[in-house]
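Dear colleague,

Please find below the structure that I am handing over to you, together with its sequence. My notes on it follow.

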Amino acid sequence: MYKVPFLRKCFGLIIMLSALNMLTVAFAEEVVNVDQGWTSDQKATWYRLSQGSRLLPLSWLQALEQVDSATPFLDPAHMDGFRYLRDTSVTSKHLPIGFAIDEQSDERFSEITRLRWKRPQSDNERWVGMTCSACHTNEITFRDKRLRIEDAPTLADFQGFMTALNRALVMARDDPEKWKRFSAAVLIPKKDNTAPNRAMLTTSLNTLIAWQLKLEAANHTPLQYGFARLDAFGNIFNKVLLRVNAPTQYVNPADAPVSYPFLWNIHQQNKVQWNGIAPSVRLTKNFDIGALGRNVGEVTGVFADVTPTGPLNPRTLAGYTTSANIRNLVDLERLVQKLKPPIWPDAFPGIDAAKWEVGEKIFNEPDSCASCHRVLDRDDLESRIIVNMTSLRGKDAIGTDPWMACNTYTYKMRTSVMAGTPKKFFAPTPPFLKEDALVADVLGTVVIGSIWSQGWSLATYLGDLRPTDFKAALLVNDLFAIERDAKRFGALMGFFADSPVNEDKITRLRRCMKEESPSLAYKGRPLTGIWATPK
């Protein structure tokens, strides 16, 4: 476990190694690719393969203007302001890296993404959403070069981007001149720009805006994340919370921003997420059901269209309808398994050997950095890593912001249509979701139901996994469920108060700093390549 003085030393080392990230944000033309073992085709797949994220139609985003001018929202200088990375390839369609085009039939999707704005119109209109690389690719600007680091934490301002996008959509609807330009750009060719089609476009735009503002209100917090931070769990939780369509619902602010993780070596770790909430379980050499569960939860938060249904609904047996592309998520995860940590590039000054030796000594001191962060060779992509979980409480507490773990442990919701559903989606025995439940438990159920909706197709795709094995694995592994002692925390498994008002933050914090649970902790992982990550 960490002792706090040594923890501070570790942070000091990390800050020194990461300082080059902050040298400048000026745009440089030359991109230098740091060797990490990927081919150019693999990088292109990472940047553009859709995971089923559907934020808004492509034609709408291309037609959208900035709030205070007629300049396109996608103008590179504007997107630079949010620090999403430019993609200069001919296939980018002027979208930043990680903004992927999703093209699939919307026949089974909800009204949120089954939008119609002209006649005739296909049911597989192209939508834009985010794929993994939007949040897990970074560049370091050093002198006149941009060094591209694959799977590094983004420096982007997700919260600021979403706020600006929502305001731009509202202005496109409400400002007469902007509306005229927006509708003309969306309704092409010119013969499609008719009064009936403009009316359809208005209705669909209203539907999307209403949903976006509902999400914004659910996630609202006066806390500004800024660059390189996001409360991903908060956003995912609120997406699930809203999709059950409860008449009244709890308010769970997304107020626990953390750094994005870097992804190299992540497939080797035995737990997923910062708080180790779910196990990593390999069913075959390169297929991990725990990792898939994490990724389905992620895309659920960033714009997958998912529709949970009740336990007595015949459709539920087939799983929850979702736009999450399970096959593509498997392919993206397999790409990550092949990625090496970035090597110190030749474009940088050489490492000072004397200072390196001092840093190594500090790192390896008793009860210091190495006690939680295993040293891993850069070329080792096979070793299984048992991560060290450091508690929020006790004499060896990690001494950092507790809220990501605490919110995950305490946030609850009204389950509405999902009440009575088995916690593992199709488990034949209790526990079942109560009228009120922990959001983490409901998320786990939604994730399993989403995977199961494509389970037979996925089992066929994998080839070396039978559908029966797949279902058994989902039953055994309680994805995203809060681990707890039933005797100690039995009260949490029953009904909560009738009024949908969460405990105040002080009460929840006292619980999190008093109670014992494996989920009230953060994981330590290998720091190979940490120099390339902003922390």
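**Strand pairing**

β2 and β4 (residues 127–130) are paired in the antiparallel sense over 2 bridges. In that pairing, Pro57 stands opposite Trp127 of β4. Please bear in mind throughout that this is a predicted model.

The two strands belong to an open sheet of 3 strands, in the order β2-β4-β3, with antiparallel pairing. Its edges are formed by β2 (56–57) and β3 (99–102), each of which pairs on one side only.

**Cavities**

A search of the whole structure gave 7 cavities of 30 Å³ or more. The largest cavity holds about 680 Å³ of space. Its lining comprises 35 residues, and those closest to the centre are His136, Ala232, Pro261, Gln273 and Glu298. Four elements are listed as giving two or more residues to this lining: α8 (232–243), β8 (258–259), α9 (289–301) and α10 (326–336). Sorted by class, the lining of the largest cavity contains 20 nonpolar, 9 polar and 6 charged residues.

In the second largest cavity there is about 110 Å³ of space. Of the 15 residues that line this second cavity, Arg54, Ile112, Trp211, Lys239 and Phe303 lie nearest its centre. Here the elements that supply two or more residues are α7 (195–219) and α8, and α7 gives the most, with 4 residues. The lining of the second largest cavity divides into 8 nonpolar, 3 polar and 4 charged residues.

**Helix α9**

Helix α9, which contributes to the lining of the largest cavity, deserves a separate note. At 1.5 Å a residue, its 13 residues should span 18 Å, and the end C-alpha atoms are 19 Å apart, which agrees.

How many of the 13 residues of α9 are buried? The number is 12, so the helix is largely enclosed by the rest of the structure. The buried residues of α9 include Ile289, Leu292, Arg294, Asn295, Val296 and Val299. Several glycines of the helix are buried as well, among them Gly290, Gly293, Gly297 and Gly301.

Both ends of the helix have a local feature to report. At the start of α9, a side-chain oxygen of Asp288 comes to within 2.8 Å of the backbone nitrogen of Gly290. Just after α9, Phe303 adopts a positive phi of about 85°. Phe303 is also one of the residues that lie nearest the centre of the second largest cavity.

With kind regards

Terms used
Residues are numbered from 1 along each chain as its sequence is written. This is a predicted model: local features need pLDDT of at least 70, side-chain atom pairs count only at pLDDT 80 or more; totals for chains, interfaces and linings use all residues. Side-chain values use heavy atoms; hydrogens and water are left out. On a 1 Å grid over the protein atoms alone, a cavity is a set of points where a 1.4 Å probe fits but cannot get out, and a pocket is an open set with protein on both sides within 12 Å along at least five of seven lines; lining residues have an atom within 4 Å of a point. Grid points are joined across faces, edges and corners, and a volume is the space filled by probe spheres set on the points. Ala, Val, Leu, Ile, Met, Phe, Trp, Tyr, Cys and Pro count as nonpolar, Asp, Glu, Lys and Arg as charged, and the others, Gly among them, as polar. Two strands pair if DSSP finds at least two bridges between them. The expected span of a helix is 1.5 Å times one less than its number of residues. Buried means under 20% relative accessible area, exposed over 50%, partly exposed in between (1.4 Å probe, protein chains only). A polar contact is a pair of N or O atoms within 3.5 Å; within protein, one must be able to donate a hydrogen and the other to accept it, and residues adjacent in sequence count only if both atoms are side-chain atoms.
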